[in-house]
Every structure is written in C-alpha cells, then in structure tokens.
Amino acid sequence: MIKLQKSKFNPKVFYPSVFTILLITAFQALAPKFATEVFKGMQGFIAQNFGWFYVLAVAVILICVFILGFGKTGEIKLGADHAKPEHKNISWFSMLFAAGMGIGLVFFGVSEPLMHYLNPPTGEAQSLEAQKLAMNITFFHWGMCAWAVYAIVALILAFFSYRHGLPLALRSVFYPLAGDKIYGWFGDAVDTFAVVATLFGVATSLGYGVLQINAGFAHVFGLPQMHVTLLVALCLAATLSAASGVDRGIKLLSNANIALACCFMLAVLFLGETTQLLKALVQNSGEYVSTLVSNTFNLYAYKKANDAWLGGWTLLYWAWWLSWSPFVGLFIAKISKGRTIREFVVGVLLVPTGFTFAWMSFFGNSAINFVKNGFGELAATANSDSAAALFMFLEKFSFSSALSVVAVLMIVIFFVTSADSAAIVMNMLCSNGRDDTPVWQKVFWGVIIGMTACFLMLGGGLASLQALTIASALPFTAVLMGAIFGLFRALKVDVIKKQTNAFNNMPISEMSKSWQERLSAIIMLPSKKDGSKFINETTARALDEVRAEFEKNGLNAEVIKRENFINLRVMLGEETDFCYGVKLTKSESPDYTRELEGEDLYYRAEVYLKEGGQDYDILGWSEATIINDVIEQYRKHMQFLHIVR
C-alpha cells in the first residue's frame, strides 16, 4: 500500500480549494441573477429526475446502518481491539449533535410542524389529521434517515482510518473502489470537493443562523439589524474555539449547549400542557415507527400534484443531509475512535433521534395548539419569517423574556460549534487528515467561513449557494453506494478474523504445569521491574527462537524491541503479515491485595496481535508456553488467510 505523506500541509488540496471557492463566489457576485438561475436550475433538474435515486439511496443507507450496528459486525471496534473511547458519552453525544443539526432544530422546531399543518401534502389543512400528519412528516425529515446518512460516512472513515491506517480524510471513503489511487490526484480531487462543499454548506447555514440571532436580539432587546457585526463577532469566537482544538473549546461549548438545550426543552414541557405533550411524544413516536417504511419509499408516484411538495421538502432534506455528510461524517469519525460499531450506531443513530423527537413534539405540538386556539399571528410568521417564529412562540409562556434570552444564547453557541467544527474538518482535509497542525491553518479556515457567509448574506446569494451545495450531493451519493459495498467486504474480513481468534486464549501446554504453578501465575501481582525483566529476558528468548525457526523454513521474520514492548513480525508477501507482540501494561490492584501489600498497581504482559490487544496476560509463563502460544496464534492467522483467499 502506498503511504500518504505525513506532511501537516497538503498544497494539492489547499490551493485548488481556495481557488474554487473564490471562483464560485466571484461568479455569484458578478452575475447574481444568472448564477441563481443556474444553481436553482441544477437543483430543480436533479429533484425532478433523480428524486427516486435520493429516496432509494437513503433507504439503503438506513438499512445498512442497522445491519452494521446490530449484526455480526457490531462487536468490531473503530480502532485497535484494545482501543478505548477518547471522549465520555455525554461529551461525545454533545459534540456530534451540535455539529450534526443542533442549530436546525432551533430554527425549524416551531415553523416546520406549523407549515405542514397549514399546507399538508394530502388531506384537509388545519384538521386533526393534518396535525398528526404534520408531526409525522417532521419526525420523518429529522429522524433516523438523516442520522443514518451521517453515520454511514463516519463509519467508513473511522473504520478505514483507525483500523487500517488510512488518512482521516474523505478520500479514504473511496479506498474500496479506487485502492491506492486515493493517494494521488483522485484523492486530492475528492478532498478538494469536500472542502468546497463543506465551506458553502456551512456558510449558507451560518448566514441563516445570523438572521435568527438578529431576530432574537430585535425581539428581546429591540436592537436594529446588525447582521455583519454579529457574523464577524461569532466567527471570531468560532475561530478561537477551533484554534484551541476539539478537547478544549469545542467540547466545552458542546457540553454547555446540550445542557442549555435540555433545560430549554424541559421548560417548554413543564410551562406548557405537560401531560398532553408527553402523550403526543409517545403517539408521534409510534406513528413514526409504524410508517417509517412507507414514508421512506414514498415518492407520490400516483399523485403528480405532490411532486412540487416532495421536491421542496423531503428531497430537499435528503439532498441537504447527503451534502453535509462529508463534513459531519468526518467530524463524527474524528471523535469516535475506540467505540464498537454497535455502540457507535446506538450513539449516532438512536440517541440523537430520541432527543430530536422530544424537541419536535414539545415545540411543534405546542405551536399547533396555539394556532388552533386562535394565535393566528404565529402561523403567519412561520410561513413568512421562520427566524422570528420561535420568539413569537415563546411569548405564550411564562418567563418569556428569560426563555428568549436562553434561546438566543443557545443559537449563538450552536452557531459557534458548527463553524469551529467545520474549520477543523477543512483544516484536516488540507492536511492529509491531521489535526496537529499550525494554528494559522485553523484560523485561516475560520476566517474564510466568516467572510464567505458575510459576502453571501450581503449579496443575497445564500439560497443560490445552498442550491449548489445540495446539487453536489448527487455525484457524491452515487459513489457512496459503492463505498458502502466496499465497507461490507472489508468488514467481512474482520469478522472472520475475530471469529478465528474467538478461541480459548490459554494454550494447551499451559495445562501441563502443576496446579500450584498455575495458581501462582494467576494470583501473583508483579511489579514494573518484574514485568520488564520478563519481557526483556523470557519473552525475548522465546520470540527469538521462533524467529529463527521461521527463517529456517524460508520466511522473513524479525523481532523488534522497544521499551516495555517486544514484537515478532513474519512477512508473508502480499498476504497480511503475522504480528505477535507483548506489551507491559499497568492495572489497578484488587482491594484485598492493597490491604496485604499496600500497592495500588500491578503489571501485566499482554499479547497484541496486528488487530490490537487481546486482553490476556502471559507474565509468568515459561518460554515453551509462550512459544506454543505464538504457534497457536500463527495457526489461527493461517486459517484466517485460508478463509479470505
């Protein structure tokens, strides 16, 4: 396999990306009407002629994510077998949710259910059936289909990067199709496409976000329009957050925002008709589950009058999620190392969907009830100015001013977390998948996002560039289908490898020891000195003896020694090499031993194969026993190669 350069700067992606961004922005600025016609025309053509493909693709993606998460592949880790998650569950969920769609829920939580209630695709407007249909459609647009799109891209990236050593960049999605070509011009073109799509997608969303923040300031504080000032200030905050890295600014802001969002949502629940809203949540969820299959494949093929509705809503959403998936998927992959595929799917697919359903039920059902009870102004505002609808909605609650302030603060933080995560992703795409880059690179992309959003907002190009971003989803989706097939093929190999190793790790020869020796090996708690001596002497002699025997039989083998780690590697040509390593690790002592010896730690000599740590300890074994374990693991490796040939 050709290795990608480890440089922290890839000019073959950076400069073409900047040039393309400037070219498209200049086209929009110099010929705004013509650009709008072109981009909107592309979007309309795709929706009309390829809507069926978007619907089919999203359905396939959802099915595949469920199979990956809850089938045999669910136990495979996104990383080495011994890898542990880098972020706690709440921080992980907060960051992926903020990057994925946090600001969208605030923007559309009130307005979308109302718009479907007032203009349903079928049936009578403002009827009881229209209310149920409005919530069902909203759940469908913001539910598992959206998160499945993000999840599949993130899974492909995380699997090939953390388990097979490919760069954490969009080019790695296409490794099953293009092979080592991802390290040449093809990979550079893919990453350039991802940078451009990410920038315009995030810039247009941030432009709309500023409109809502400004609406909140006007509603709460009576301030005039100050779009540019707000955008500059918020993008500066996002740039500083991106420069501080994921473990500082982004994690801190995401944790704060999920706490605010939960408090805000619960306030709407308890200040409103609590019991009725909880009943609505349960029924809405049941309706969603029972209609998921029919909604997923519904193209209104026998109701031509609904083509416009489908193109303006469902297809628009599907294309939007797909166009955002390179950015959001890469960010989710970055923060998901060390999790099993099953844990990943539950966390990315089911947990955010549950939160989204609660949010949409509490806000959407409350808004529809207000309109049914005579609050017609809210309906008019939802249709004409979605940004202001939330704040008009909050007027019907006690402590409305305080709730509006919290809403503005929440939107601001969602804005910043979207922008800073986008800046980090674009920086990684231009840096061979690395994030440990000079600060200026992260700052550069933060500034570019802000400038582009500001320029588009002032020039009226937000909707136009949004159409371009959505249109770009078509070619990406077509290739993504092939990448999913490649992921399944690669995972099949890992499943076979895992099944081959799912064997009693204790070698048969260990049973030949006396029971006193075996018991002593189990209960002894060696020190670091004992462990180092065992690896450097007993283990080293055993592996050297095996290496010599491999070489006698015509195979190239080597023993690599590092501090507290030793590894035997047998080169098998084009086949997967065999590796058997022993690493000194520390563990906490059981409570009863601390009382006896006063030690908090003891050391283990754990076996590591090519796919990671195997979680068993050989410290105290004899040379002959270690040799037998190496041979047994080699036998399993040969059996694995035989199966996958």
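Author: This is a predicted model, in which local features need pLDDT of at least 70 and side-chain atom pairs count only at pLDDT 80 or more, while totals for chains, interfaces and linings use all residues. Residues are numbered from 1 along each chain as its sequence is written, and side-chain values use heavy atoms, with hydrogens and water left out.

Reader: How far apart do the centres of the positive and negative side chains lie in the protein chain?

Author: Lys and Arg count as positive and Asp and Glu as negative, without His and the chain ends, and each charge is placed at NZ of Lys, CZ of Arg, CG of Asp or CD of Glu. The protein chain has 50 positive and 48 negative side chains, and the distance between the centres of the two sets is 3 Å.

Reader: What radius of gyration does the protein chain have?

Author: The radius is taken over C-alpha atoms, and the globule rule is 2.2 Å times the number of residues to the power 0.38. Because the chain has 645 residues, a compact globule would have a radius near 26 Å, and this agrees with the value for the protein chain, 28 Å.

Reader: Which residues have the most contacts inside the largest nonpolar core?

Author: A nonpolar core is a set of buried Ala, Val, Leu, Ile, Met, Phe, Trp, Tyr and Cys residues joined through side-chain atoms within 4.5 Å, where buried means under 20% relative accessible area, exposed over 50% and partly exposed in between, with a 1.4 Å probe and protein chains only. The largest such core has 182 residues, and those with the most contacts inside it are W359 and F393.

Reader: Which helix gives the most to this core?

Author: Helices are DSSP runs of H or I with at least four residues, and strands are runs of E with at least two, numbered from the N terminus. With 18 residues in this core, the helix that gives the most spans residues 144–163 and is α7.

Reader: Is Q441 buried or exposed?

Author: Q441 lies in helix α19, which covers residues 439–459. Contact means heavy atoms within 4.5 Å, and, leaving aside neighbours within four places in sequence, Q441 is in contact with K8, F9, N427 and S431. Because its relative accessibility is 4%, Q441 counts as buried.

Reader: How far apart in space are Q28 and I182?

Author: Q28 has its place in helix α1, residues 11–30, and is buried, with a relative accessible area of 4%. Q28 and I182 are 154 residues apart in sequence, and their C-alpha to C-alpha distance is 31 Å.
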